Amino acid sequence: MMQSMAALAKRAGSLTGVIVAVAILLPASVNAQSQNGLSNLFGGIFSGPNPAPAQAPPGPGGVQTGVQPWSGEDGASGHPLMTAAAIREAASNFDNCVAGMWPDAARRGITQENFQRFTAGLSPDLRIMDLMDSQPEFTKSIWDYLDILVNDNRLAKGREVLAKYKAQFDATEKAYGVDRYIIAAIWGIESNYSTQMGDRSVLQSTATLACIGRRQAYFKDEFLSALEILNRGDLRPEQMRGSWAGAFGPTQFMPTAFKRFAVDGDGDGRRDVVDNPTDLIASTANNLKKDGWQSGQTWGFEVVVPQGFNYMLADRAKAMTIAQWEKLGLKRATGQPFPHPAEKAYLLAPAGAQGPGFLMLQNYRVIMKYNPAEAYALAIGHFADRLRGGQPFVQPWPRQERELSRTERLELQQLLAQRGFYKGTPDGQFGGQTREALRNFQASIGVPADGFASSDVLDRLRGR
């Protein structure tokens, strides 16, 4: 439910889901997403922020109490607005900053009475500054994330939800043409079916980020949009609780995404994506539909990639028809034929040549608009297939491989830069530029150019 920066913020703060339980086991997004959620977990694969601890219940006035305090340290990003001094200075001006947004709120139709009522007593939550700029020392592998998310308990809950709200899913599929299993998968992964949605005040979080830190312009829009939601009466303040980045509800809407996609599914005059299953299901479907969901189509296929394949073709920008991929030797892992050979797809090899490959279709790209982590979109698609009655992935993951630490990831980028392959600024976070550089290095030494950052590749860069 996010686009570009909205998606990044969601990755930093959503997926409230299982993280609360898993945070104990994992080293401490954008929604991401969790003090609260799994988007952070996924972000960790491709360098998102850390999951944060579960939050204490709100105190009087909806202000968070009993949460871990701000560290008082400079942010890891090095941004001038994330220094401890800049944070303290901005925090001291918080009340003036919030009051100064009244003219913008008035232009959006928010009444002065409601502006004063909803902003009264707001104070900055500076712990968010640590969460915004945190960088994990260790990350989890994609197969570990899939194990965490697509499990028997969550599948059982998902089937119960599909049965309980069958009438709502029937009506939504008819109205929007969006697969019910995808909606149910998003609901399950984002909030473990409404049981873990986060407990930070959306108003407090977005007001804090609108006045303090390195993304004030973006979060000002989120804060004012949250006020619009309350002014219109769609939700009450106590319903708008969620991640530190402001994502809320069972499928984690940011306020701006709510404005774009939320619908009144049952005609009661309110768009309640928190406690009304009809509105929730319809709004999530509307989000996917407006992002380009293709009715009646799947998200992708697990494929067997032949030995000696040119992994330089495994790139989101290098889409070809499935028939063309078949000519290159790719086959479905199940042995079944591809239903539509003329469809265009790109090849994803998240674990390199040692793991399964996937041909990704348009609907996978749509899921990535909801949350821009490849691991997240793969988990959603696979979870949906399992809810539909499908089987686990056929091919094994290279579970003998370990994920590199942040220190090792930083070293890998530095060594790639020294050899002329990496042109960015080494930061320990792996994105497309790092993978492209890694592919080119692998090609130069005659190994599969799959872009997979293994300890063996790091040793080769070290000259061992």
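Let's start at E401, which sits in the loop between helices α19 (374-387) and α20 (406-418). Helices here are DSSP runs of H or I with at least four residues, strands are runs of E with at least two, and both are numbered from the N terminus. What you're looking at is a predicted model, where local features need pLDDT of at least 70, side-chain atom pairs count only at pLDDT 80 or more, and totals for chains, interfaces and linings use all residues. Residues are numbered from 1 along each chain as its sequence is written, and side-chain values use heavy atoms, with hydrogens and water left out.

Back to E401. This residue is buried but has no salt bridge. Buried means under 20% relative accessible area, exposed means over 50%, and partly exposed is in between (1.4 Å probe, protein chains only). A salt bridge needs a side-chain nitrogen of Lys or Arg within 4 Å of a carboxyl oxygen of Asp or Glu. For E401, the nearest side chain of opposite charge is R402, 7.2 Å away; Lys and Arg count as positive, Asp and Glu as negative, and His and the chain ends are not counted.

So what does the side chain of E401 make a polar contact with? It's the side chain of Q354, at 3.1 Å. A polar contact is a pair of N or O atoms within 3.5 Å; within protein, one must be able to donate a hydrogen and the other to accept it, and residues adjacent in sequence count only if both atoms are side-chain atoms. Leaving aside neighbours within four places in sequence, E401 is in contact (heavy atoms within 4.5 Å) with W143, Q354, F452, S454 and S455.

Now hop over to R439, in helix α21 (residues 432-444). R439 counts as buried because its relative accessibility is 8%. Its side chain reaches the backbone oxygen of A314 at 2.4 Å. Not counting residues up to four places away in sequence, R439 touches several residues, including Y311 and D315.

Y311 leads us to the aromatic rings. Rings of Phe, Tyr and Trp (its six-membered ring) pair if their centres lie within 6.5 Å; planes under 30 degrees apart are stacked, over 60 edge-to-face, and the rest tilted. That gives 15 aromatic pairs. One of them is F309 with Y311, edge-to-face at 5.5 Å centre to centre and 85° between the planes. Y311 is buried because its relative accessible area is 6%.

Another edge-to-face pair is F358 with F393, at 5.0 Å and 65°. This pair links distant parts of the chain, 35 residues apart: F358 is in strand β7 (residues 357-360), F393 in the loop between α19 and α20.
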